[in-house]
Amino acid sequence: MEESVELAVKRAIEMMHDNLGEQLTVEDLARAAMFSKFHFTRIFQRATGVSPARFLSALRLQRAKHLLKSTSLNVADISLRVGYNSVGTFSSRFTRSVGMPPTTYRRLAGFATDIPIDRSGRLGQPSTARVRGRILPGSDVAPGLIFVGMFADRIPEGRPVRCAVLPEPGRFTFDEVPSGSWYLLAQSVTGDPQQSVWDASQPEQRVSVASYGPLTVRPDTDIEAELTLQPAGALDPPVLLALLDVRKLALSMTGQDGTGRDGTGREESGRTETAPTELRPQRRFAAAQNHRPAA
């Protein structure tokens with residue numbers, strides 16, 4: 001990407017951050033980027049993978065997540081601070097993107113108790129499609145636990161169609177993947193396991209991300225993908241889906257045997273489709289530790 005284009009997009013994103021409570025338009029953002037409205041929309045989509053409006057909406061919800069965890073403001077006040085005139089609209093969009101209502105998110109301190117998959121695409125003919133992949137660390141990355149999921153869009157929001165948690169870079173396999181066009185998205189946060197490590201809004205945390213796609217899945221598809229984690233930058237859309245409490249995930253690792261194996265050396269079919277906090281993360285860890293990336 002040309003440096004001038006990247007700087008222009010970053011100016012627009014900075015304007016978004018500075019004015020999340022205002023009713024920004026594409027024209028406002030294009031002026032900040034110093035491009036025409038139509039050219040700006042094209043270069044922004046190319047640079048970030050999503051439209052300016054989608055990116056702004058994701059930033060609003062990311063700020064709302066931070067305010068719910070770090071303040072005692074009520075939901076109505078938070079909705080106004082992030083640019084929503086209707087608390088009902090805000091709550092609906094938050095629930096759809098994050099996976100739970102704002103009040104539940106606050107009560108659970110920003111963590112999900114599980115990550116259910118989206119089964120709406122599994123009606124009709126069963127799929128035998130498989131997506132296999134390997135996650136590698138970039139040169140400046142020392143990843144912690146890694147969440148990887150398949151989403152319909154470039155922004156990790158709503159229910160994934162498949163997901164898994166890995167204790168370290170390595171291989172994963174998603175079986176019976178529904179047909180469609182999907183993005184593979186991964187995130188890892190390095191930090192104290194006693195912190196809310198999945199909250200990328202915390203400045204002391206080092207967030208790494210990776211993406212692959214879109215990839216087209218048909219009933220008999222077998223796809224191999226490689227994702228390299230890199231430090232998250234200003235052009236990366238925020239992760240909106242509420243993820244699991246790393247403290248509970250870390251505790252679940254202590255239940256493994258010394259080899260990290262689950263007795264079969266691989267996950268059973270469908271076991272990568274949801275990652276609750278207790279039993280199933282152990283199986284994710286066992287499967288992941290059996291497949292280390294090549295040196």
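Author: Let us begin with accessibility, where buried means under 20% relative accessible area, exposed means over 50%, and partly exposed means in between, computed with a 1.4 Å probe on protein chains only. By that rule E176 counts as partly exposed, because its relative accessibility is 32%. What you see is a predicted model, in which local features need pLDDT of at least 70 and side-chain atom pairs count only at pLDDT 80 or more, while totals for chains, interfaces and linings use all residues. Residues are numbered from 1 along each chain as its sequence is written, and side-chain values use heavy atoms, with hydrogens and water left out.

Reader: Where does E176 lie, and what is phi there?

Author: The general idea is that most residues other than glycine have a negative phi, and most peptide bonds are trans. E176 lies in the loop between β4 and β5, and its phi is near 50°, a positive value in a residue other than glycine. Another such residue is A109, with phi near 60°, found in the loop between α7 and β1 (130-137); A109 is partly exposed, with a relative accessible area of 36%. As for the peptide bond, a cis one joins G213 and P214, with omega about 5°, and P214 has its place in strand β6 (residues 206-217).

Reader: How many helices and strands does the chain have?

Author: Helices (H or I, at least four residues) and strands (E, at least two) are DSSP runs, numbered from the N terminus. In this chain there are 9 helices and 7 strands, and buried residues make up 48% of its 295 residues.

Reader: Is R154 buried or exposed?

Author: R154 counts as buried because its relative accessibility is 15%, and it lies in the loop between β2 (146-151) and β3 (162-166). Leaving aside neighbours within four places in sequence, R154 is in contact with T48, G49, V50, Y183, L185, S211, D236 and P237.

Reader: In what order do the strands of the open sheet stand?

Author: Strands of a sheet pair through backbone hydrogen bonds, either parallel or antiparallel; here, two strands pair if DSSP finds at least two bridges between them. The open sheet of 7 strands has the order β3-β2-β5-β6-β7-β1-β4, with mixed pairing. At its edges stand β3 and β4 (171-175), each with a single partner strand, so one side of each is left without a neighbour in the sheet.

Reader: Which strands of the sheet run antiparallel, and which pair in the parallel sense?

Author: Among the antiparallel cases, β2 is joined by 6 bridges to strand β5 (residues 180-190), where V148 stands opposite A186. Likewise, 2 bridges join β6 to β7, which run antiparallel, with V209 having Q230 in β7 as its bridge partner, and a hairpin of 4 residues joins β6 to β7. In the parallel sense, β1 and strand β7 (residues 222-231) pair over 8 bridges, and L136 stands opposite T228 in β7.

Reader: How many aromatic pairs does the structure hold?

Author: A pair of aromatic rings is described by the distance of the centres and the angle of the planes. Rings of Phe, Tyr and Trp (its six-membered ring) pair if their centres lie within 6.5 Å, and planes under 30 degrees apart count as stacked, over 60 as edge-to-face and the rest as tilted. A search of the whole structure finds 7 aromatic pairs. Among them, F90 and F94 form a tilted pair, 5.8 Å centre to centre with 50° between the planes; both lie in helix α6, 4 residues apart, about one turn of the helix, and both F90 and F94 are buried.

Methods. Contact = heavy atoms within 4.5 Å.
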